[in-house]
Amino acid sequence: MNREKLCYGGAIVLLVAALILGLWYKQPKTIREITGVAAPETVTVTIERRDASQGADLRELTLSAGDEGFDALMAQLDELEFRRPPTNLLRIALPFLGDADSGEKDWEEGDFYRMDVAFSSSDWEGLTAPSEVSFWVDQWSYRDFEHDLTLPLAVVDGKETGQALCAQLWDMATPAKTNP
């Protein structure tokens, strides 16, 4: 009987610890906390818009610290509040589960298809810090380069927030050079 109580007690302790870890993990994070770049020197935003014939139109915006618009863009990105689902811990612990769904997305005419936001900082070895947050039609994700995984993020009104940000940055961005 004592051994049985000990097993039940241990199971309860493990469940409580898992619950606390899950709650801590999903607490709100800023884009700087998600990417691990506290003081980005350069922000690169790539936006893809598709038309009815599946043709892609790409635009890119690169701003460096000190450039006009850099501080305003960073302030806007800092306002975004991301939450990591606790299931990401399972994806990290069990890599065979694979990346978050990054296949083709259903989209409507007028939707922006994809946006990637990457930070660069000289704090890291080399010029580019391994950091990227992405938005695909209606889903946010980030690249965990340490574990070589793309993991989902939750954002309040995620689709509306992402589409509005894409629309605003689209006008500021310039057409990207694409390889034929």
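User: How many aromatic pairs does the rule count?

Analyst: Rings of Phe, Tyr and Trp (its six-membered ring) pair if their centres lie within 6.5 Å; planes under 30 degrees apart are stacked, over 60 edge-to-face, and the rest tilted. The count here is four aromatic pairs. One of them is Phe82 with Trp140, edge-to-face at 5.6 Å centre to centre and 70 degrees between the planes. Phe82 lies in the loop between helix 3 and helix 4 (87–93), and Trp140 in strand 5 (residues 139–144), 58 residues apart. Helices (H or I, at least four residues) and strands (E, at least two) are DSSP runs, numbered from the N terminus. This is a predicted model: local features need pLDDT of at least 70, side-chain atom pairs count only at pLDDT 80 or more, and totals for chains, interfaces and linings use all residues. Residues are numbered from 1 along each chain as its sequence is written, and side-chain values use heavy atoms, without hydrogens and water.

User: Which residues form one aromatic cluster?

Analyst: Phe82, Phe135 and Trp140.

User: Which residues of helix 3 are buried?

Analyst: Residues three or four places apart in an α-helix point the same way, because there are 3.6 residues a turn. Buried means under 20% relative accessible area, exposed over 50%, partly exposed in between (1.4 Å probe, protein chains only). In helix 3 (residues 70–79), the buried residues include Phe70, Leu73, Met74 and Leu77. Their arc around the axis is only 100 degrees, which puts them on the same side of helix 3; the arc is taken from the directions from the helix axis to the C-beta atoms. Exposed Asp71, Ala72 and Glu79 are on the face turned away from that buried side.
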